[in-house]
Each structure stands twice: as structure tokens, then as C-alpha cells.
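Subject: Structure handover

Hello,

I am passing on the structure below. My notes on it follow.

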Number of protein chains: 2
Amino acid sequence: MRQRYQLKQRPQRSRSYESDDHERGACEWCEYALVITLATILLIGVSALTIFWVFYYRGGYAWADDTPDKQFNLHPTLMVAGFITFSGFSVLLYRICRCFRRIYVKLLHAIFHALAFPCIVIGFLAVLDYHNKKDINNFYSLHSWIGFVAMGLFGIQYAVGFFSFLLLLICNKGTAGFRASLVPIHAAFGILTFVLGVAACLTGLTEKAIFGLGAERYSGMVDEGIIINAIGVAMVAILAVVMYILSRDKFRAPESRGIHMRTSVDL
Amino acid sequence: MRQRYQLKQRPQRSRSYESDDHERGACEWCEYALVITLATILLIGVSALTIFWVFYYRGGYAWADDTPDKQFNLHPTLMVAGFITFSGFSVLLYRICRCFRRIYVKLLHAIFHALAFPCIVIGFLAVLDYHNKKDINNFYSLHSWIGFVAMGLFGIQYAVGFFSFLLLLICNKGTAGFRASLVPIHAAFGILTFVLGVAACLTGLTEKAIFGLGAERYSGMVDEGIIINAIGVAMVAILAVVMYILSRDKFRAPESRGIHMRTSVDL
């Protein structure tokens, strides 16, 4: 019996000079690098494509009384940068920076959201001022309602996050329990804010395609329509990749896996 | 030392005739019942609101050569029923039916998706035929691109799920490993399909609001515009509630928690 077992084991050992565990680890790292690279390309690509669209088809940017359309162009660009590119990187930092100290990852998370914050505020003011200049009602569309909720959640999340996870560190030990109990709530609402941001961008792109091109030209598959659709498809791809990365437990930094199991932050 | 321990323990025991664990359990069940009820109301409500919108503002349903607009009305109604109501219930069944045997939950999951299937197919044919009758291009918009991907994923998921998790049960033991390895992939792609379905519905509602009402009336906040926005808001609420339920590990049926931890299906 023992001899049979040894006979079975030997060919496996001599097949390769690396162990199976080692190979599996390499595979994991390969998958990790591939997915993070794909996410990075998509997150930068979606903002680059939006800027290209505005310059090539929409006449670029301006903020003056006689160029409201160019002022409007700030709205999609800054909202995509704020809600998708910067927020996306901020969310993914907890997976990308596996080997950093926790406090640095937190600071980077706060910095990326701090970059997203003015983008969202200026993007919002740009469209508000554009509507007022053109005498169009505010907050009438589904896009604006979703965007409003997303902006509200973003603001609350930023305030709560800054206060709880950075300011309360002054009293590190005394607030540990409170901070740990906030983590799953902050994570769940953070993902919801990101998904709502994507939904607001997709409905906004649909509005802009119809208003900007008109039903006839949009349905005639003109180049600009396809570019707008491509921006939307890139956003859907980002959503898929971000959800995939967040759902993979093994992409987590080793020290946070314990917290994950305990507090059941699944998203 | 032992005496001090006993003194500390006594007041806790006499404070209430129920133990803390019991109270916590009751709280969990209360939260569970509340969230599942909310999800049920929203999932049924969104389809009811869509049917109300079509009958009250869009003249009801028909499928004839001289009433293409009434034929189009089948598209939003059936897509909302298929991608949101039936698919939503199907996804949630794994949390609602905590005490059922696994095979019954699977069968119910398959049955709800079997109800969604004809809705999506007929909803798709309705808009395809409407476009052909009105001589409008197919698949030009972002909405149609997202919807196409969502339909494709739905079909693949249904075929793979039916084959792997029901047909392969004929050889239960031999296929257990293969089926277990498919679970996280099926779950991740299932959630993605659901999110894409919601995204397709939101962009579709935006299109319909602008095409059906026109920019002037939609921005004038007419009743129909608000009803359309309300349908969209209900979808966003469903997305939030479904994501919340799926992220709560304690809502899982007890026997599947082990599988969850092992295969790290986080969504």
C-alpha cells in the first residue's frame, strides 16, 4: 500500500522543479497584475476618451457668457473624472497597494477622493450655470435625480470617512471599536455611490447623445454617436472589472482579510 | 478572583429573562424580514408602476401593423418584468428561502429565470419589429448596446446554469467538484447581468422620456416625466437593496455559508 502511494507521488514531484503551491501563487499574481492593469487602462482611458470627444466634436472648453455650450462640456468631463476615474482608483487602492502600511493606503484613499471632490463640485456648478444661462429647468430628468443622490452620498461618505478614519486616529485605541463597526457601512455605501455615479454617467451620456446629435443623426450611426457609446461601454467594463476585483477575496491585502471575515464586508 | 467574576456576571443574567444572544438573533430576523419585505414591495412595485404608466399615459398594449406605438409599450414592460422583477426575485431566492432544501431553491431559481426568459425574448422582438415598421436603425444607441450585452449574458448564464446545476445532478458525486468551481463564476456573472439589466432599463427610460415627451415637456416637469423618473428611482432603490442583501453574510442560508467562505463568492 505504502509502495503504491510512493509510486503515485514520485512522478508529480519530478515533473517540475517548482512546487504546485509556488505555481498557484504565481498564477494568482499574474491574474492580479492583469486585472489591475486592465482597470488602470480603463479608468484613465474613459477620461481620455471623454476629453478627446469634447475637443474633436464639441469645440473644447470655456467659461464665459457667450459660450454656454463650451461651458457645458466641463460637466461630462469633470463628472467622469470625479465619479469614475478618481473614485475608481480610490476604491481600488485597497487592492492595488497590498504591501503599503494601512495609514498610507487610507491617506491615498482620502487624497484620490479629495481630487474627485472639486471635479464633482465644479462639474455640478458648470451644468447649473449652463441651465440658468439657457433658461432650462434644473433637476427635471432621471439623470439629474440619480446624479443628485450620488453627489449627496459622496459628500456624506467623504465627511464621515474623513472624520472617522483619519481624525479619530488621534484617539486610536479608544475609537477602534467604533471605527471597525463603521467599515462595512462605509464600504457598502462607497460601492453604492460608485455604482450610482456610473448610472448617472450612462443616463447623462444618453441624454447628451440625443440632445447633442438629435434622434435622426444618432440613429444614423454617425461617428460621434459611436464615440459616445464607446465611452458608455468603457464605463460598463470598468463596473465589471471593479466588481470582479472587489469580489475576489485573495486580492485583499493580507492583514485586512481577517477584518473582512469578521465584519462580513463583502462588497 | 473567581468571586469577582461571579459578581460581574450576576447582574447581566438577571437584567432580562432573555439572553443577549437571543436578543441579537431576534434583531437579525427583524432586519432580515424588513429588508426582504422592502425588496419584494420594490420588485413588484416597479413592474406595477410601469404597467400603470403604459395604460395611463401611453394607451396600453397591442401588436398590429397600424399600432406600432402600442406594440413598443410591450418592450419596457416586459424588459422591466424580465430583467428586474423576475431576475431580482430569482437572485434573492437564495436569501429568502433560508429553510428550504437546496434542490428546491435551485428549481425555484430556474423557474423564475424561466419566467424572465420569454419576457426578455418577446420584449426584444417587440422593439425590433417596432423599429423595422418605423424604419429606424437597430442597435445604434448606448441603451441597445448595454441591453444586447445583458441579453447575451442572460442567455449564456441560463444555459450554463441549467446544464451545470440541474442536468449534471444526474451524476451528483462525479460532478460535485466541477459544479462547486462554477458557483463563484455563475454568481459573479449573475450579479453583473442584473446590474447591466438595471443600467439598460435606466438608459432606456431616459431615451423614452426624451423621445416620448420631447425635451420641452420633459424639462417642464410634466406628470408623465415624473412617473418615468419614479420608475428609474425604484430601480436604483432595488439595486441598493439587492446589493445590501447580497453583501450581508448572515442573510445566507446556514449550509451555504461554508461554501461561501471556501470559494469566496463575495457578491
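The two copies meet through the same surface, because 100% of the interface residues of chain B are also interface residues in chain A. In contact terms (heavy atoms within 4.5 Å), 42 residues of chain B touch 43 residues of chain A.

This is a predicted model, in which local features need pLDDT of at least 70 and side-chain atom pairs count only at pLDDT 80 or more, while totals for chains, interfaces and linings use all residues. Residues are numbered from 1 along each chain as its sequence is written, chains are lettered from A and ligands numbered from 1 in the order in which they are written, and side-chain values use heavy atoms, with hydrogens and water left out.

Chain B can be laid on chain A by a turn of 180° and a shift of 0.0 Å along the axis, with an RMSD of 0.0 Å (least squares on the C-alpha atoms of residues with pLDDT of at least 70 in both). The two copies are therefore related as by a two-fold rotation axis.

Chain B and chain A bury about 3,700 Å² between them, 77% of it on carbon and sulfur atoms (accessible area, 1.4 Å probe, lost on being put together and summed over both). On the side of chain B that touches chain A, helices 6 (142–166), 7 (176–219), 8 (223–247) and 9 (254–263) each supply at least two residues (helices are DSSP runs of H or I, at least four residues, numbered from the N terminus). Helix 7 of chain B gives the largest share of that side, 15 residues.

Regards

Note on methods:
Buried area = accessible area lost by both parts, 1.4 Å probe.
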